[in-house]
Amino acid sequence: EIEHRLLEHEAVQGAVVLAEAGELVAYVVLAKAMGVSNPDVQALREHVQRALPGYMTPGSFVEVEAIPLTANGKADRRSLKQLGRRMEGDSGSVAPSDELESRLVALFADVLGVTSVGVTDDSSNWAGIR
């Protein structure tokens with residue numbers, strides 16, 4: 001459903017969504033057509049959220065040139081993890097969706113001594129903090 005919703009966006013030509021380390025990561029191929037401007041991460045998130053619940057919104061977006069295919073013509077999901085780069089403006093953090101989450105991430109940020117913490121962040125995001 002998430003991939004289908006992303007493909008409905010005029011600037012997205014291809015999309016594959018994978019669950020990686022507890023978060024959804026969307027690999028997208030952006031359209032190169034004249035007159036179609038590339039969306040920012042927030043625009044893609046909002047596009048998905050208009051039709052799907054918040055937990056189905058990818059936490060990260062990675063731009064790839066093309067979706068690699070297996071010999072059977074299906075998306076090669078293993079190869080995707082080694083391709084692309086995070087889209088500009090994608091911090092990889094998911095913002096809090098309600099007051100409780102807002103309070104919790106503020107508390108964690110204060111304890112860790114950092115400016116912000118995302119809802120899906122885990123210890124791997126803070127490896128340098130002891």
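A salt bridge here is a side-chain nitrogen of Lys or Arg within 4 Å of a carboxyl oxygen of Asp or Glu. Glu-3 and Arg-77 form such a bridge, with 3.6 Å between their closest N and O atoms. The model is predicted. The protein chain has four helices and four strands, and 37% of its 130 residues are buried.

**Overall make-up**

- Read from the N terminus, the elements of the protein chain follow the order α-β-β-α-β-α-β-α.
- Of the contacts in the protein chain between residues at least 6 apart in sequence, 52% join residues at least 24 apart.
- The protein chain has an accessible surface of about 8,300 Å², and carbon and sulfur atoms account for 51% of this area.

**Nonpolar cores**

- In soluble globular proteins, nonpolar side chains tend to be buried together.
- The largest nonpolar core has 14 residues, and those touching the most other members are Ile-2, Leu-6, Val-12, Ala-26, Val-28 and Phe-61.
- At least two residues of this core come from each of α1 (2-7), β1 (12-20), β2 (23-30) and α2 (41-49).

- Val-29 belongs to strand β2.
- Val-29 has a relative accessible area of 8% and is therefore buried, the cut-off being under 20%.
- Leaving aside residues up to four places away in sequence, Val-29 touches Ala-11, Val-12, Gln-13, Gly-14, Val-64, Glu-65, Ala-66 and Ile-67.
- Although Val-29 and Ala-66 are 37 residues apart along the chain, their C-alpha atoms are separated by 5.8 Å.

**Salt bridges**

- Side chains of opposite charge can pair when their charged atoms come close.
- The whole structure contains three salt bridges.
- Because Glu-3 lies in helix α1 and Arg-77 in helix α3 (residues 77-80), their bridge ties together parts that are 74 residues apart in sequence.
- Both partners are partly exposed, Glu-3 with a relative accessible area of 24% and Arg-77 with 37%.
- Another salt bridge joins the side chains of Arg-5 and Glu-8, at 2.7 Å from N to O.
- In this pair Arg-5 counts as buried, at 14% relative accessibility, whereas Glu-8 counts as partly exposed, at 44%.
- Arg-103 and Glu-99 also form a salt bridge, their closest N and O atoms being 3.0 Å apart.
- Arg-103 and Glu-99 are four residues apart in helix α4, about one turn of the helix.
- Both are exposed, with relative accessibility of 56% for Arg-103 and 54% for Glu-99.

- Helix α4 has 14 residues and spans 20 Å from its first C-alpha to its last, close to the 20 Å expected at 1.5 Å a residue.
- Just after α4, Gly-113 adopts a positive phi of about 70 degrees.
- A nonpolar patch on the surface is formed by Leu-100, Leu-104, Leu-107, Phe-108 and Val-111, which together have about 520 Å² of accessible area.
- Leu-104, one of the patch residues, lies in helix α4 (residues 99-112).
- With 39% relative accessibility, Leu-104 counts as partly exposed.

Methods
Residues numbered from 1 in each chain as written. Predicted model: local features only at pLDDT ≥ 70, side-chain atom pairs only at ≥ 80, totals over all residues. Heavy atoms only, no water. Core = buried A, V, L, I, M, F, W, Y, C linked by side-chain atoms within 4.5 Å. Buried < 20%, exposed > 50% of the residue type's maximum accessible area, 1.4 Å probe, protein only. Patch = residues over 30% accessible without salt bridge, like charges linked within 9 Å, V, L, I, M, F, W, Y side chains within 5 Å. Areas by Shrake-Rupley, 256 points an atom, 1.4 Å probe, with all protein chains shown as cover. Contact = heavy atoms within 4.5 Å. Expected span 1.5 Å × (residues − 1).
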